[in-house]
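Subject: A structure for you, with notes

Hi,

Here is the structure I promised to pass on.

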Amino acid sequence: MSILEVSHIRKNFGSTEVLTDISFTMDEGQAVSIIGSSGSGKTTLLRCLNFLETPDEGTIRVRDEILFDGAKKENPSEGELRRRRLHFGLVFQQFNLFPQYTALENVCLAPKLALKEKNAEELQKITETGEELLERMGLKDRMGNYPHQLSGGQQQRVAIARALALKPDILCFDEPTSALDPELTGEVLKVIRNLAEQHTTMIIVTHEMTFARDVSDRVIFMDGGRIEEQGTPDEVFGHPKSERTKRFLAGY
């Protein structure tokens, strides 16, 4: 059963069309990697899914709930946008941690703010969940550290724990290793690989081709704001049909 259905999404910035007729589906527990050159629309697509940008046309459906219908031309409130965003967890390129909070406080902040009734028992549950998530990220001994006391790889792992803390339906990664030194990339990719093995539903925008081939259930290749090709890793990497896909992969 599909957890996400994206149909005919279009997005313009002024007179420039950056997403053209984007359609795909994904099932619960799948890891889908989106690959393509810089400027191909990958990040804009993620931002539309997370309601940081509003598509001009198309529909976005999660678990049979239509979150966006371009035909309705609605103007949702900020509160409604926040509710829709809870379906997705987004891990940014640059971590975006709050420098004044510890690793644990960064992970727990959003769930605590989302509590309707802030009683001691619920707050304690959130703290315990945050501790468990950071331990899963290999950061048991770094919970009380502030971002400036952490390496880039550690900061990104805190950001992953923070995204998981809200229990999203779909976890999204936007080039999660692009801001890291090469020696720190592996530790973040290992965490994402472990999440994939646990059948966490994920969309991963990445330039790490070997990783995308190994970890993904499906791969989407974007070019010029369009989906040029999609399929299993073996189909896209091993037997690409599009000449554009072949030229792109030849560079790796």
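This is a predicted model: local features need pLDDT of at least 70, side-chain atom pairs count only at pLDDT 80 or more; totals for chains, interfaces and linings use all residues.

Residues are numbered from 1 along each chain as its sequence is written, and side-chain values use heavy atoms, with hydrogens and water left out.

Helix packing

Helices (H or I, at least four residues) and strands (E, at least two) are DSSP runs, numbered from the N terminus. Axes are lines fitted to C-alpha atoms, for helices over the stretch in contact, and angles run from 0 to 180 degrees between N-to-C directions.

Helix 5 (residues 152–165) packs with helix 6 (residues 182–197) at an angle of about 25 degrees, and their axes are 8 Å apart. That makes helix 5 roughly parallel to helix 6 (angles under 35 degrees count as roughly parallel, over 145 as roughly antiparallel, 65 to 115 as roughly perpendicular and the rest as oblique). On the helix 5 side the contact (heavy atoms within 4.5 Å) is made by G152, G153, Q154, Q156, R157, I160 and L164, and on the helix 6 side by L184, E187, V188, V191, I192 and L195. By class, that contact has seven nonpolar, four polar and two charged residues (Ala, Val, Leu, Ile, Met, Phe, Trp, Tyr, Cys and Pro count as nonpolar, Asp, Glu, Lys and Arg as charged, and the others, Gly among them, as polar).

Helix 3 and helix 4 pack at about 135 degrees, with their axes 9 Å apart, and are therefore oblique to each other. Here too, helix 3 passes helix 4 in a right-handed crossing. Residues of helix 3 that meet helix 4 include L104, V107 and P111, and among their counterparts in helix 4 are I126, G130 and L134.

Nonpolar cores

A nonpolar core is a set of buried Ala, Val, Leu, Ile, Met, Phe, Trp, Tyr and Cys residues joined through side-chain atoms within 4.5 Å; buried means under 20% relative accessible area, exposed over 50%, and partly exposed in between (1.4 Å probe, protein chains only). The largest core has 37 residues, and those with the most contacts inside it are L134, I160, F173 and M202. Among the elements that give two or more residues to this core are helix 3, helix 4, helix 5 and helix 6. Not counting residues up to four places away in sequence, F173 touches several residues, including I160, I192, L195 and M202. Another core, of 29 residues, lies apart from the largest one, and I9, F24, F68 and I170 are among its members.

Single residues

F51 is not a glycine, yet has a positive phi of about 60 degrees. F51 sits in the loop between helix 1 (42–49) and strand 4 (57–62), and counts as buried at 6% relative accessibility. K167, in the loop between helix 5 and strand 7, also has a positive phi, near 55 degrees, but K167 counts as exposed at 68% relative accessibility.

T54 is in the loop between helix 1 and strand 4 and is exposed, with a relative accessible area of 51%. Leaving aside neighbours within four places in sequence, T54 is in contact with K11 and F68.

Best wishes

Key: A crossing is left-handed if the near helix is turned anticlockwise from the far one by less than a right angle, and right-handed if clockwise.
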